[in-house]
Structure formats: structure tokens, C-alpha cells
Amino acid sequence: MLILDFDGVIADAFTECAVVTHYADHDPATVAAKPIAELAAAMPAGFVSRFRTVRTYARLLDDFMVARDPAADSIRGLKDFEALAARIPGPRLDALVRGATAVRAALRERRRTEWLDLHTLYPGIAGLLRRHSGRGTSIVTAKDEQSVWEILAHHGLDVTVAQVVGECSDKRTVVRRIAAADGLPPDAVTFIDDHITNALAVRDTGATSLWAWWGYHTPEHVERAIARRQRRVYLPELAELTA
């Protein structure tokens, strides 16, 4: 059984994620009235730079909101990132996440082609999914389920996936649940994620957990992976990957 993360493993959506984060406190209908290219061009260069840094630490949509804080310019490591994330008041964070989700939904509906085109597949991913079609491949991701299905369909890959579990913050539990639903032990699963925290958490279930080297990570993630002897997987290896 193959279980994959989405953003950073199947598709790269840096600009889309930056746009929904930047406009999270705007009216979704007003945002979606403009072409996405215009929205992206209007983002301050400083925000885009901060988002590029924050993206390497982020696991969830909540984490993206750290990039809205100008102090994110000073992030030099995980402790800096976590300190900034912790200082966002809970109600404010919840409101921003709801706002970003609403902006994403509005863009998906009103700027469908533009929005879909912001999600580019990593090389070899389409072939991997097609080879495993019919084997119960699942996607477990922090992104919402509807977005993932629409992006897969855009690339002709929706028929290759059995299920999508979206807005997931606990991948270890979900991987166990998916395997159990098919009557399989966790060690029958091959899991791929670009965030080292997820890769290690799922590895602890007994699954074959692979860290996607082509996704987003930091030097600290590399150090942690080495210390834990976490196995990496590279894009050329996907042609040989079996579940």
C-alpha cells in the first residue's frame, strides 16, 4: 500500500500557498475578482521572502501564517520559527486559517484554470501514481480534500487514487487507520512525505517511511534525519519504487 503527502511530494504549489496566506484577512470574493497573476505580483517582496523561509518549516496551513509577521525575517532556525508561531493569539490564528481556506475556495471556484495551473507535478510522480493505480493508493495531507481531488483530476490522476484524507495534522494515526481498514499491518505501507517530522512519526508505526528529498526542508531537518537514520528517496528512484 502506498500513502503519499501532497504539497511538496506530488505537487509544488508555492505561489498558491503564498497567495492564500497573504490574502487570508481579505474578503474572498474581492480577492477572487482579480487574476491570480495580479494578486501574486502585488504581494510585497518582503512577504514572499519570509514565506519562502517559513515554507521550509511548515506542516500545516496554520504554520504558513508565521510569514505574515515581519519578524519572520529573522528566522534562523526551528526555535525562532516556533517562537513566532506561539505568539500568534489562538483566535487570530483560527480566523486567518479560516480566511485562507475561504480565499482558496473562492479562487478555486472563480479562477479555476489559473488556480489549477499553479499546481505543478514533480517529475516522475504521475508515473508512480499510474503504476500503483488500483492498489489502494492514498493521499494524506494538510491541504483540503476537495482541492486535492480537483488538482489530481486536472492532471488526469484522480482515477489512480483510492482516497484523500485532507486537513490532517496527525499522519501517524491516519496511516494506521488506513492500513487497518484494509486488514493490513502498518509494515505493509510505504509512506512518502517531505517533512521530516511526518516521516519519522509514521516510521514509528513500522511502515516503510521515506523522506522526499525534493520537497521542503531545512538544515536542521537534515541533521535530524541523519541522527535518526531516516531513509531518503530521490526523484529518479521513483521509477523503481514498489509498494
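**Exercise 1. The cavity**

Task: Sort the lining of the largest cavity by residue class, then describe the cavity itself.

Solution. 
- Start with the classes. The lining of the largest cavity has six nonpolar, three polar and nine charged residues.
- Keep the source in mind: this is a predicted model.
- Next, the lining as a whole. It is made up of 18 residues. Asp7, Arg55, Arg59, Leu60 and Ala142 are the ones that lie nearest the centre of the cavity.
- Then the volume. The largest cavity has about 210 Å³.
- Last, the count. The structure holds one cavity of 30 Å³ or more.

**Exercise 2. The pocket**

Solution. 
- Begin with the volume. The largest pocket has about 180 Å³.
- H6 provides the largest share, four residues.
- Sort by class. The pocket lining has four nonpolar, three polar and five charged residues.

**Exercise 3. H1 against H7**

Task: State at what angle H1 and H7 pack, and classify the pair.

Solution. 
- Locate the helices. H1 covers residues 14-22, and H7 covers residues 90-110.
- Read the geometry. The two pack at an angle of about 125 degrees, and their axes are 8 Å apart.
- H1 and H7 form a right-handed crossing.
- Name the contact. H1 brings Glu16, Cys17, Val19 and Val20, while H7 brings Ala100, Val103, Arg104 and Leu107.
- Sort the contact of H1 with H7. Six residues are nonpolar, none polar and two charged.

**Exercise 4. H11 against H12**

Task: Work out how H11 and H12 cross, and which residues meet.

Solution. 
- Locate the helices. H11 spans residues 171-181, and H12 spans residues 196-203.
- Read the geometry. Their axes come within 8 Å and cross at roughly 45 degrees.
- Classify. H11 and H12 are therefore oblique to each other.
- The crossing of H11 past H12 is right-handed.
- Name the contact. Lys171, Arg172 and Val175 of H11 meet Asn198, Ala201 and Val202 of H12.
- Sort the contact of H11 with H12. Three residues are nonpolar, one is polar and two are charged.

Terms used: Residues numbered from 1 in each chain as written. Predicted model: local features only at pLDDT ≥ 70, side-chain atom pairs only at ≥ 80, totals over all residues. Heavy atoms only, no water. 1 Å grid on protein atoms, 1.4 Å probe; cavity = no way out; pocket = protein on both sides within 12 Å on 5 of 7 lines; lining within 4 Å. Points joined across faces, edges and corners; volume = space filled by probe spheres on them. Nonpolar A, V, L, I, M, F, W, Y, C, P; charged D, E, K, R; others polar. Axes fitted to C-alpha atoms, helices over the stretch in contact; angles between N-to-C directions. Parallel < 35°, antiparallel > 145°, perpendicular 65-115°, else oblique. Left-handed = near helix turned anticlockwise from the far one by under 90°. Contact = heavy atoms within 4.5 Å.
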